[in-house]
Amino acid sequence: MTSKQRAYLKGLAMTMDPIFQFGKNSLTPENTAAIAEALEARELIKISVLNNCADDPGEIAQMVAERTRSQVVQVIGKKIVLYKESKDNKKIILP
């Protein structure tokens, strides 16, 4: 992903609300499956990490990206933005 594409995705993510939250339980197989389904449907999602989560948001982002075969767009504070290009039903056209 180029820096222009990443900047474009960051701009799109600024208008989005988080659709998942990680708390005490951190990352579970159920969370991973739900995130994979959301990425197939939306391509770009935002995740919030709650204060009671003991894990680092950057580490969580890397683990989720590996398990869902997606890309980490950004991790700012307690917010994670992930992108996975859809092969069949593209909703986001990257510049």
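Here is a walk through the strands and helices of this predicted model. Residues are counted from 1 along each chain as its sequence is written, and side-chain values use heavy atoms, with hydrogens and water left out. Because the model is predicted, local features need pLDDT of at least 70 and side-chain atom pairs count only at pLDDT 80 or more, while totals for chains, interfaces and linings use all residues.

Helices (H or I, at least four residues) and strands (E, at least two) are DSSP runs, numbered from the N terminus.

Strands count as paired if DSSP finds at least two bridges between them. β2 (residues 44-49) runs antiparallel to β4, joined by five bridges, with Lys-46 opposite Val-81. β3 (residues 71-76) is also antiparallel to β4, again through five bridges, and here Ile-76 faces Lys-79. β3 and β4 make a hairpin with two residues between them, and Gly-77 in that turn has a positive phi of about 60°.

Now for the helices. α2 (residues 29-42) has 14 residues and reaches 20 Å from its first C-alpha to its last, close to the 20 Å expected at 1.5 Å a residue; the expected span is 1.5 Å times one less than the number of residues. Its buried residues are Thr-32, Ile-35, Ala-38 and Leu-39. Seen down the axis, they fall within an arc of 125°, so they line one face of α2; the arc is that of the directions from the helix axis to the C-beta atoms. On the other side of α2, Pro-29, Glu-30 and Glu-37 are exposed. The buried residues of α2 pack (heavy atoms within 4.5 Å) against β1 (20-22), β2, α3 (57-68) and β4.

On α3, the buried residues are Pro-57, Ile-60, Ala-61, Val-64, Ala-65 and Thr-68. They cover an arc of only 130° around the axis, which puts them on the same side of α3. These residues pack against β1, α2, β2, β3 and β4.

Technical notes. Buried means under 20% relative accessible area, exposed over 50%, partly exposed in between (1.4 Å probe, protein chains only).
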